[in-house]
Amino acid sequence: MSTFINKDVACPNCGSTKKLTVISAVNALENPELKEKILKETFFDFECENCGYKSQLMYPTIYHDPKKGFMVGLYRTGSQGSKVEAPASLKNVIKRRVKDLAELKEKILIFDSSLDDVAVEMVKNSLLEILKKSFGSDNIKAYFSKLSDEGIEFALFFAGDNKPQYHNIKKEVYDNCCEILRSLNFKEPADFLRVGPTLASELLNKYKNT
């Protein structure tokens with residue numbers, strides 16, 4: 001179930017205190033409106049009633065979709081020991097760990113599309129390698145956007161530009177990555193797994209060396 005905690009929070013700008021509802025757990029089936037806020041990236045929006053200051057106040061939270069069978073724990077960026085925990089009884093639930101709201105949104109979109117996020121990350125890894133060589137820059141970010149008849153779409157963000165550009169990869173590339181995972185006998189860990197560029201590179205290198 002979703003968990004709501006009321007806390008007194010000081011405005012980072014003027015220091016005035018206001019009541020803030022901290023949502024430490026989100027159940028997507030019980031509270032679809034919270035899922036919608038995550039997808040719109042407004043989940044952590046904060047506005048001071050005293051001075052009008054607006055920002056995002058991020059805190060640890062856990063997102064659970066019982067129907068899709070996955071759970072994502074969000075940790076505060078740069079915080080040590082502020083991780084969320086899942087009940088040990090949830091053995092057959094896919095568990096992931098992310099560092100910000102954009103990554104949480106991406107996981108939801110991937111699993112809602114019934115895709116393997118590890119394979120998607122491997123596709124993304126290969127795409128970014130090509131783009132970084134083509135543009136001569138390492139400052140490029142990519143996020144899964146959607147699955148369509150044209151393939152898998154990624155939203156690309158280049159340095160200094162907040163407006164995304166979109167790029168499609170053929171579904172066959174994703175299918176090949178799924179086959180690689182099967183050949184490597186990749187198994188889901190019991191704990192929350194960080195699925196990012198490091199894991200994708202390790203798996204692709206392991207496959208190349210087999």
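Predicted model: local features only at pLDDT ≥ 70, side-chain atom pairs only at ≥ 80, totals over all residues.
The protein has five helices and ten strands. Its radius of gyration is 19 Å, close to the 17 Å that the globule rule gives for 210 residues, so the protein is as compact as a globular protein of that length.

**The protein as a whole**

- Taken along the principal axes, the C-alpha atoms fill a box of roughly 60 × 45 × 35 Å.
- Of the 210 residues in the protein, 41% are buried.
- If you look at contacts between residues at least 6 apart in sequence, 52% of them join residues at least 24 apart.

**Strand E6 and its two partners**

- Strand E5 (residues 61-65) runs antiparallel to E6, and five bridges join the two. To find your way along this pair, look for Tyr63, whose bridge partner in E6 is Val72.
- E5 and E6 form a hairpin with four residues between the strands. In this hairpin, Gly69 takes a positive phi near 75°.
- E6 also pairs with strand E7 (residues 94-98), here in the parallel sense and over five bridges. Leu74 has Val98 in E7 as its bridge partner.

**The open sheet E8-E9-E10**

- Three strands make up an open sheet in the order E8-E9-E10, and their pairing is antiparallel.
- The edge strands are E8 (140-148) and E10 (165-169), each of which pairs on one side only.
- On average, neighbouring strands of this sheet are turned by 30° against each other, with direction ignored.
- E8 pairs with strand E9 (residues 151-158) in the antiparallel sense over eight bridges. A handy landmark is Phe144, which stands opposite Phe154 in E9.
- E9 and E10 run antiparallel and are joined by five bridges. Here Glu153 stands opposite Asn168 in E10.
- The hairpin of E9 and E10 has six residues between the strands, and Gly160 in this hairpin takes a positive phi near 80°.

**Helices H3 and H5**

- Two packed helices are described by the angle between their axes and the distance between the axes.
- For helix H3 (residues 117-135) and helix H5 (residues 197-208), the axes come within 9 Å and cross at roughly 85°. That makes H3 roughly perpendicular to H5, because angles of 65 to 115 degrees fall in that class.
- On the H3 side, the residues that meet H5 are Val118, Glu121, Met122, Asn125 and Ser126. On the H5 side, they are Pro197, Leu199, Ala200, Ser201, Leu203 and Leu204.
- By class, this contact of H3 with H5 has seven nonpolar, three polar and one charged residues.

**A closer look at Glu121**

- Glu121 lies in helix H3.
- Is Glu121 buried or exposed? With a relative accessible area of 7%, Glu121 is buried, because buried means under 20%.
- Leaving aside neighbours within four places in sequence, Glu121 is in contact with Val195, Gly196, Pro197 and Ala200.

**Two loop residues with positive phi**

- Most residues other than glycine have a negative phi, which gives some background for the next two examples.
- Ser114 is found in the loop between helix H2 (101-112) and H3. Its phi is near 60°, a positive value in a residue other than glycine.
- At 59% relative accessibility, Ser114 counts as exposed, because exposed means over 50%.
- Asn185 is found in the loop between helix H4 (171-183) and H5. Asn185 has a positive phi of about 55° although it is not a glycine.

Conventions
Residues numbered from 1 in each chain as written. Heavy atoms only, no water. Axes fitted to C-alpha atoms, helices over the stretch in contact; angles between N-to-C directions. Parallel < 35°, antiparallel > 145°, perpendicular 65-115°, else oblique. Contact = heavy atoms within 4.5 Å. Nonpolar A, V, L, I, M, F, W, Y, C, P; charged D, E, K, R; others polar. Buried < 20%, exposed > 50% of the residue type's maximum accessible area, 1.4 Å probe, protein only. Pairing = 2+ DSSP bridges. Rg over C-alpha atoms; globule rule 2.2 N^0.38 Å.
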